[in-house]
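Welcome! Here is a short briefing to read alongside the sequence and the 3D view. Take a look at both, then work through the topics below.

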Amino acid sequence: MAKKAKKQQSGGTPATVALTAAGTTFTVHAYEHDPAHPSYGEEAAEAMGVSPDRVFKTLVADVDGALTVAVVPVAGQLDLKALAAAVGGKRATMADPALAERTTGYVRGGISPLGQRKKLRTVIDASAEKHATICVSAGRRGLEVELAASDLAALTDAVLAPVGRA
């Protein structure tokens, strides 16, 4: 199913470049982004024909003053209290979108947990372990990358914890 990427074409993103440099097995899925769609993640799941519980969105939160990335299924929501607890914090709020974009180097709806401008601590929802592969943003709207959750966790030094809720 997935092939080991040998070389990125000129359309690569920092996320796909990071995956290639690490020698990680992944598959890129491109689709035509519809700006009118109400949900970036659900749009990705529909366009790829993948169950929404296998497509994960990348959210940036502020936990006690430190930006933290949460990777949760697109069909659910981020549990901010659980995120704070997962990183030993007390309080979490969603980060300012402009700050999230500046810090990660990606635009909203295209933020990837990989290849960020500044490496942020990362928490992946534990439900990711149920799947052989999951899909996350590859760094721009209309581009997803499919890989093993264990590879994503290793590349981002992530903690796996139950931070998503239905």
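A residue is called buried when its relative accessible area is under 20%, exposed when it is over 50%, and partly exposed in between (1.4 Å probe, protein chains only). Helices (H or I, at least four residues) and strands (E, at least two) are DSSP runs, numbered from the N terminus. With those words in hand, S150 and A154 can be described as exposed on one side of helix α5, while A149, L152, A153 and T156 are the buried residues of α5.

This is a predicted model, in which local features need pLDDT of at least 70, side-chain atom pairs count only at pLDDT 80 or more, and totals for chains, interfaces and linings use all residues. Residues are numbered from 1 along each chain as its sequence is written, and side-chain values use heavy atoms, with hydrogens and water left out.

**How confident is the model?**

- pLDDT is the predictor's confidence in each residue, from 0 to 100.
- The protein chain has an average pLDDT of 92, and 93% of the residues score at least 70.
- Over residues 1–10 pLDDT stays under 50, and for this stretch the model has 19 contacts (heavy atoms within 4.5 Å) beyond four places in sequence.

- An α-helix has 3.6 residues a turn, so residues three or four places apart point the same way.
- In α5 (149–156), the buried residues A149, L152, A153 and T156 cover an arc of only 100° around the axis, which puts them on the same side of the helix. The arc is that of the directions from the helix axis to the C-beta atoms.
- These buried residues of α5 pack against β3, β6, β7, β8 and β9.
- Just after α5 comes D157, with a positive phi of about 55°.
- In α1 (14–22), A15, T16, L19 and T20 are buried. They cover an arc of only 130° around the axis, which puts them on the same side of α1.
- The packing partners of the buried residues of α1 are β1 (27–30), β7, β8 and α5.
- Helix α4 (residues 97–104) has A100, T103 and T104 as its buried residues. Seen down the axis of α4, they fall within an arc of 85°, so they line one face of the helix.
- The buried residues of α4 pack against β2 (56–63) and β3 (66–73), and the helix is followed by G105, whose phi is positive, near 85°.

**Strands side by side**

- Strands count as paired if DSSP finds at least two bridges between them.
- β3 and β6 run parallel and are joined by four bridges; in β6, T122 is the bridge partner of V69.
- β6 and β9 also run parallel, joined by three bridges, and V159 in β9 is the bridge partner of V123.
- Is β6 mostly covered or mostly open? Four of its five residues are buried, so-called "mostly covered".

**Nonpolar cores**

- A nonpolar core is a set of buried Ala, Val, Leu, Ile, Met, Phe, Trp, Tyr and Cys residues joined through side-chain atoms within 4.5 Å.
- The largest nonpolar core has 26 residues, of which V60, V136, V145 and L152 touch the most other members.
- Elements giving two or more residues to this core are α1, β2, β3, β7 (134–140), β8 and α5.
- Leaving aside residues up to four places away in sequence, V136 touches F56, V71, P113, E144, V145, L147 and L152.
- A second, separate core of twelve residues includes V63, A70, V72 and V123.

**Salt bridges**

- Side chains of opposite charge can pair when their charged atoms come close.
- A salt bridge is a side-chain nitrogen of Lys or Arg within 4 Å of a carboxyl oxygen of Asp or Glu, and the structure holds two of them.
- One joins the side chains of E146 and R54 (2.9 Å, N to O). E146 lies in strand β8 (residues 143–147) and R54 in the loop between α2 (40–48) and β2, so the pair ties together parts that are 92 residues apart in sequence.
- E146 is buried, with a relative accessible area of 7%.
- The other joins the side chains of D157 and K119 (2.8 Å, N to O), and both D157 and K119 are exposed.
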